[in-house]
Amino acid sequence: MTNELTFIQKHEFLLRRIHSLTGLVPVGLYMCVHLITNASILNGVEAFQNAVYAIHSLGNALVFVEWGAIFLPLLFHAIFGVYIAYSGQFNTSSYGTAKNWRYVAQRITGLIAFVFIVSHVAHMHGWFHVGFWEKLMHSLGLAQFRAYNAASTAAMAMQANIVWPILYAIGIAASVFHFANGVWTMGITWGVWISPAAQKRADRICAAIGVGILLIGFSALGGFMTLDAQKAEDIENRMYTESVNTGRVVPNAKKLTNPKLLEEQAGTAKP
Amino acid sequence: MIASNQPSVIKVRVKRQDGPGQAAYWQHFDIPYEENLNIISVLQKIAAKPITRDGQRVAPIAWDCGCLEEVCGSCTMLINGRVRQSCSALIDRLLEDSPSGEVVLEPMSKFPVVRDLVVDRARIFQALKKVKAWVEVDGYFDMGPGPKQSRTQQEAAYPLSECMSCGCCLEACPQYAKVEVIREAGESEEAYRQRVEAANSVAFIGPHAINQAVLFNSNPTGQFKKAERLEALTEPGGIQVCGNAQNCVAVCPKHIPLTTSIAQAGRAVTVHAVKKFFE
Ligand code: HEM
Ligand code: SF4
Ligand code: SF4
Ligand code: FES
């Protein structure tokens, strides 16, 4: 047989296994950590700001971690996932079992998660921190997050337009379902749970994990929707001045909402 | 069953196709009702009097069957939209479940149609060859009796061995896409078969073949070919194509635990691939 194999065909097994693995680590694990970090807003502005300080203490290395450990694996999983989704043929109209519906839902929630994550990163982070791009994003009302005014900028971004919280609620629900169901299918793909009884037990555990993460995600969303952004900003500015003085935080105007105000403050606050 | 609401006729709608690659079309037939008919007997009645509902005489319908007791798998087709064996599909049961009172027959949608309800199932058997679904016992010398198998092992293997290669699991699998190669004018049978094999060889082997690989890898003599079977399972169109919809296990007429076999094979190929990488 003389067959010209495409790159994807030649490496199909490896690519599918990497796709499966990236769904769990780093992408799925990151999502859980991210939602839990966000839910720390329920412990107050200080708790959330401290968590963000910790992440941003990576400094210049942060961009490499973001791209190497999060964005690139996510983009691989998402783009290859779209390819997989289009290579299947839905047939729930003839075979309407719950498992078959979940097979369909896994693909649809993946697509929703893709759209959501692309717009979410644009909304908060802006994707690239280079001059002209940042200006463009700001003019579109995107790239709203400032790491040293973490809670207030997140809250304002969320409260700017009712469309955002709706998009976030749908996006979080889709991502969490996709993750929980994905962990379950992953256990079959890798042969972790084998017998029907074991698959059923694993199914319950995955469902419980999913419900738990969904609650965490929604409470974070609720927390930012109801936060008093002005009060939060005052707290953050006080924390910033203190943290710069103690050397905990490296001053960076781009991570602030109102850098001028704080420069003045820093000037007068010096002993 | 002497129900008073028995219909006087059985309405049958058949999806027909005159040859490979040609357009399909529907024909309607009315068969006088009789008790205890199955789909094959209905098809025989139509063959005896191939006249459609509007009185048109047509070519008899082509179909496949063999054992008539749900062990050969050759009579598999879509009956009221679902894949199953036509020999064991009883008209009285179908009418109970079908509100329209109509019986709809179609060829399987995942295999190339040869004619009417007959499809070319070569890909099913090509997949079995790919995973070497046999034990190697042929040779010039007497190899003596095979190793003993424990009772638990026999009991685990028996259900897997019941597969009749009917293709129900493949028809229902959302990851199993149809492969059809149209014969070119003047192409020899051999050249055509070669092209079909090439096209099939990179497409999904399907749950039935994964299950057979697991069966023969669990056999003490079959184990000699274990590594080759696992290798075949990771080739293009291998086990990685499965998307865990679990339709296969839901439709298998032999109730073979296909998704258990898929998970077992999934574990075995992972170990195999990691070992190979570090060897
Ligand atoms: C962003 C767009 C995404 C798309 C289009 C997508 C697509 C897919 C598809 C189609 C599958 C099924 C693969 C298969 O069963 O063969 C899948 C599996 C999976 N996805 Fe995603 N995904 C996306 C994002 C995510 C995210 C954000 C997460 C984590 C929260 C995630 C976690 C998983 C997991 C754990 C699996 C299971 C892998 C397996 O069955 O072996 N995916 N994804
Ligand atoms: S596994 Fe079941 S459905 Fe599939 S070919 Fe064998 S008997 Fe038919
Ligand atoms: S579990 Fe895999 S093989 Fe079975 S129907 Fe689903 S995708 Fe196909
Ligand atoms: S004729 Fe053999 S299974 Fe139906």
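**Figure 1. A salt bridge between Asp120(B) and Arg193(B) in the predicted model.** The side chains of Asp120(B) and Arg193(B) form a salt bridge, with N and O 3.0 Å apart, in a structure that is a predicted model. Asp120(B) sits in the loop between strand 7 (118-119) and helix 3 (122-130) of chain B, while Arg193(B) belongs to helix 6 (residues 189-201) of chain B, so the pair ties together parts that are 73 residues apart in sequence. Asp120(B) counts as buried, its relative accessibility being 19%, and for such a residue the value has to be under 20%. Arg193(B), with a relative accessible area of 29%, is partly exposed.

**Figure 2. A network of salt bridges in chain B.** Asp120(B) and Arg193(B) are also members of a network of salt bridges that includes Arg183(B) and Glu189(B). Within this group, Glu189(B) pairs with Arg183(B), and the closest N and O atoms of the two are 2.6 Å apart. Glu189(B) is partly exposed at a relative accessible area of 41%, and Arg183(B) is likewise partly exposed, at 39% relative accessibility. Over all chains, the count of salt bridges comes to 22.

**Figure 3. The salt bridge of Glu187(B) with Arg195(B).** In this pair, the closest N and O atoms of Glu187(B) and Arg195(B) lie 2.7 Å apart.

**Figure 4. A polar contact between Asn200(B) and Gln126(B).** The side chain of Asn200(B) makes a polar contact with the side chain of Gln126(B), at a distance of 3.2 Å. Asn200(B) is a residue of helix 6 of chain B, and its relative accessible area of 7% makes it a buried residue.

**Figure 5. The iron atom of ligand 1 and its histidines in chain A.** His77(A) and His178(A) each coordinate the iron atom of ligand 1 through NE2, at 2.0 Å. The iron atom has six donor atoms around it, and the angles that they subtend run from 87 to 178°, which makes the arrangement octahedral. His77(A) comes from helix 4 (residues 62-87) of chain A and His178(A) from helix 8 (residues 163-189) of chain A, so the two histidines tie together parts that are 101 residues apart in sequence. His77(A) counts as buried, at 14% relative accessibility, and His178(A) is buried too, with a relative accessible area of 18%. For comparison with the angles given above, the ideal values for six octahedral donors are 90 or 180 degrees.

**Figure 6. The surroundings of ligand 2.** This ligand is surrounded by 13 residues, the closest being Cys163(B), Cys166(B), Gly167(B), Cys169(B) and Cys252(B). Sorted by class, the shell around ligand 2 holds nine nonpolar residues, three polar ones and one charged residue.

**Figure 7. The surroundings of ligand 3.** Ligand 3 has around it Cys173(B), Gln175(B), Pro207(B), Cys242(B), Gly243(B), Asn244(B), Ala245(B), Gln246(B), Asn247(B), Cys248(B) and Ile262(B). Six members of the shell around ligand 3 are nonpolar and five are polar, and there are no charged residues in the shell.

Figure 8. The peptide bond that runs from Val25(A) to Pro26(A) is cis, its omega being near 0°, and Pro26(A) lies in helix 2 (residues 12-39) of chain A. Trp127(A), although not a glycine, has a positive phi of about 70°; Trp127(A) is located in the loop between helix 5 (98-124) and helix 6 (131-139) of chain A, and is buried with a relative accessible area of 11%. In chain B, Leu68(B) is a residue other than glycine whose phi is positive, near 60°. Leu68(B) has its place in the loop between helix 1 (39-48) and strand 3 (76-79) of chain B, where it counts as partly exposed at 47% relative accessibility.

How values were computed:
Residues numbered from 1 in each chain as written. Chains lettered and ligands numbered in written order. Predicted model: local features only at pLDDT ≥ 70, side-chain atom pairs only at ≥ 80, totals over all residues. Heavy atoms only, no water. Salt bridge = Lys/Arg side-chain N within 4 Å of Asp/Glu carboxyl O. Helix = DSSP H or I, 4+ residues; strand = E, 2+ residues; numbered from the N terminus. Buried < 20%, exposed > 50% of the residue type's maximum accessible area, 1.4 Å probe, protein only. Near = heavy atom within 4 Å. Nonpolar A, V, L, I, M, F, W, Y, C, P; charged D, E, K, R; others polar. Donors = N, O, S within 2.8 Å, 3.2 Å for Na, K, Ca; no water. Tetrahedral: all angles 85-135°; square planar, octahedral: opposite > 155°, others 65-115°. Polar contact = N/O pair within 3.5 Å; in protein donor to acceptor, adjacent residues only side chain to side chain.
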